[in-house]
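Here is a friendly walk through a two-part model, written for someone who likes to know the cut-offs behind each term. Have a look at the sequence and the structure first.

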Amino acid sequence: MPDSTTSRVSLTLNSSLESVDKVERTAQDFAERAGFDQDTVPNIVMAVREAAVNAVLHGNAYNPAKRMTASFEANPDCLIVRVQDQGPGFDPSSLPDPLAPENILRGSGRGIFLIRAFMDEVHFRQLLPGTELTLIKYRAPAQPAA
Amino acid sequence: MSMKVTTRQVDGITILDLSGRITLGEGSVTLRDSVHDLLGKGAKHILLNLGNITYIDSSGIGELVSAFTSVKNAGGELKLLNLTKKVHDLLQITKLYTVFDIKDDEATAVAAFAS
């Protein structure tokens, strides 16, 4: 049964794969506690893991002096996950389309695509320095604006 | 949490039974090293059994693609066997399902390699 109140968790972690794993485990636990079903939780977890990998690998470049922050919020409407890094920032519109024939056999470049595939909304914000990804999953399918 | 690889031979085909997680870091590196080792030993026909893969991320998907192209560039063939529903869905979403030759029966997969 979903909690009708808002709950929050925030983690500030070093730039390591262990931190990615911790964010992934937190996403699993948080999404389950928020009441998302068995089909949706793995998709949320995968999207959050991909965002954490981006923060640690592409954003902070494993720099031990830089931190990743992951915050989780569940309210009656949706789950909101924000992942911040302290990297140089990037332009999401510059990312190549991984489905394009010339990119289909590339060994990388599918992370943001999968995040967008599994979440209802994905927003990028430049922090100067750093990037914040906001991932939103609604409890029911998003309705088009009237 | 990490991935394990067991290698066996069936009718001249090298089968890699993978279990665990193929993710950024150890899992992806283990897969890459295993395939490169096989190519170095002259193996040309490689079947990746993914039936016991519990999780794969975008890095793991990329590693499957890299393995496919490495084997193909070496003049060989790489096929996939026993996809879990999750891996199946991910390959569909990323439009890689038609890139790979995917089988759900080992004997059929082994027989499908060119001699």
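## Around B:Lys44

Apart from its neighbours within four places in sequence, B:Lys44 is in contact with B:Gly75, B:Gly76 and B:Glu77, where contact asks for C-beta atoms, placed from the backbone, within 7 Å. This residue, B:Lys44, sits in the loop between H1 and E3 of chain B; helices (H or I, at least four residues) and strands (E, at least two) are DSSP runs, numbered from the N terminus. Between the C-alpha atoms of B:Lys44 and B:Leu78, 34 residues apart along the chain, the separation is 8.0 Å.

## How to read the model

This is a predicted model, in which local features need pLDDT of at least 70 and side-chain atom pairs count only at pLDDT 80 or more, while totals for chains, interfaces and linings use all residues. Residues are numbered from 1 along each chain as its sequence is written, and chains are lettered from A and ligands numbered from 1 in the order in which they are written.

## The sheet and helices of chain B

Chain B has an open sheet of five strands in the order E1-E2-E3-E4-E5, with mixed pairing; two strands pair if DSSP finds at least two bridges between them. At its edges are strand E1 (4-10) and strand E5 (101-103) of chain B, each pairing on one side only. From one strand to the next, the twist averages 25°. Helix H1 (residues 26-40) of chain B packs on this sheet and touches E1, strand E2 (13-22) and strand E3 (45-56) of chain B. The direction of H1(B) makes about 170° with that of E2(B); axes are lines fitted to C-alpha atoms, for helices over the stretch in contact, and angles run from 0 to 180 degrees between N-to-C directions. Strand E4 (residues 77-81) of chain B runs parallel to E5(B), joined by three bridges, and B:Leu80 stands opposite B:Ile102 in E5(B).

H1(B) also packs against helix H2 (residues 58-73) of chain B, at an angle of about 10° and with the axes 9 Å apart. That makes H1(B) roughly parallel to H2(B), a term for angles under 35 degrees.

In chain A, five strands form an open sheet in the order E1-E2-E3-E5-E4, with antiparallel pairing. Strand E1 (7-14) and strand E4 (121-126) of chain A are at the edges with a single partner strand each, so one side of each has no neighbour in the sheet. E3(A) and E5(A) pair in the antiparallel sense over seven bridges, and A:Val83 stands opposite A:Leu133 in E5(A).

The largest nonpolar core has 34 residues, and A:Ala47 is among those with the most contacts inside it. Such a core is a set of buried Ala, Val, Leu, Ile, Met, Phe, Trp, Tyr and Cys residues joined through C-beta atoms within 7 Å. H2(A) gives the largest share of this core, 12 residues.

## Where the chains meet

How many residues of chain A are in contact with chain B? There are 17, and they are in contact with 16 residues of chain B. Helix H2 (40-59) and helix H3 (111-118) of chain A are the elements that give two or more residues to the chain A side, with the largest share, six residues, coming from H2(A).

Methods
Contact = placed C-beta atoms within 7 Å. Buried ≥ 20, exposed ≤ 12 C-beta atoms within 10 Å, placed from the backbone. Parallel < 35°, antiparallel > 145°, perpendicular 65-115°, else oblique.
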